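Hi,

Here is the structure I promised to pass on.

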Amino acid sequence: MIGVVDYGVGNVKAFVNIYKRLNIKCQIVNCEKELHSVEKLILPGVGSFDYAMSKLNSSGLKESIIELVMNDKVPILGVCVGMQMLLNSSEEGELEGLGWISGVVKKFIVNDLHKLPLPHMGWNVVSKMSNHQILSNLETQARFYFLHSYYADCDDQQNVLAMANYQDDYACIVNKENIYGMQCHPEKSHHNGVQFLKNFGEL
């Protein structure tokens, strides 16, 4: 059973609908009791870093999620801001992240030399840096949907499974042990997104 964490941030129903089509058991998790039946977790996120962290901090779910992920080694997938929350902190805010993957979330540089607009919005190629199972059966130049102005700068490049380019290369899929993050939106990325979510469900 995959549990999609509903802490008031992100389109949780989109994930449930995809897994329903894939015939993979999935449910929305609203309370601590519902966490007991899950074998994997998805942490969606949209909006600002501090807003998402404050919502998670006040949800009543955070401590149980930490126990499941850190002690029981339940796989978790953070999506968009949900991925950024896996790191230590963000230039976008002042709150601490979960700190499960060492690094800082940084804002794309915009100046006379870097004139691309923010946010980075639309379709972009995801380039594999690993043969990890979660990337299996994706197209060589798989395109995913992005919407963000900040990116994850990991301290250890071994945590980077895939890169995208927006003026410069940056990490868009990360991993450390049972912890996974994806900056782009698999739930909005058609067949490549469905394949990625299928891979996560079959880990």
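Below is what I found, starting with how to read it.

It's a predicted model, so local features need pLDDT of at least 70 and side-chain atom pairs count only at pLDDT 80 or more, while totals for chains, interfaces and linings use all residues. Numbering starts from 1 along each chain as its sequence is written, and side-chain values use heavy atoms, with hydrogens and water left out.

Aromatics: rings of Phe, Tyr and Trp (its six-membered ring) pair if their centres lie within 6.5 Å, with planes under 30 degrees apart called stacked, over 60 edge-to-face and the rest tilted. That rule gives seven aromatic pairs. One of them is W123 with Y145, edge-to-face at 6.0 Å centre to centre and 70 degrees between the planes. W123 sits in strand β7 (residues 120-125) and Y145 in strand β9 (residues 143-148), so the pair ties together parts 22 residues apart in sequence. (Strands are DSSP runs of E, at least two residues; helices are H or I, at least four; both are numbered from the N terminus.) There is also an aromatic cluster made up of F108, F146, Y151, Y166 and Y170.

Helix α1 (residues 12-21): V12, A14, F15, V16, I18 and Y19 are its buried residues, where buried means under 20% relative accessible area, exposed over 50% and partly exposed in between (1.4 Å probe, protein chains only). They pack against β1 (2-5), β2 (26-29), β3 (40-43), β4 (76-79) and α5, counting contact as heavy atoms within 4.5 Å. After α1 comes N23, with a positive phi near 60 degrees.

Cheers
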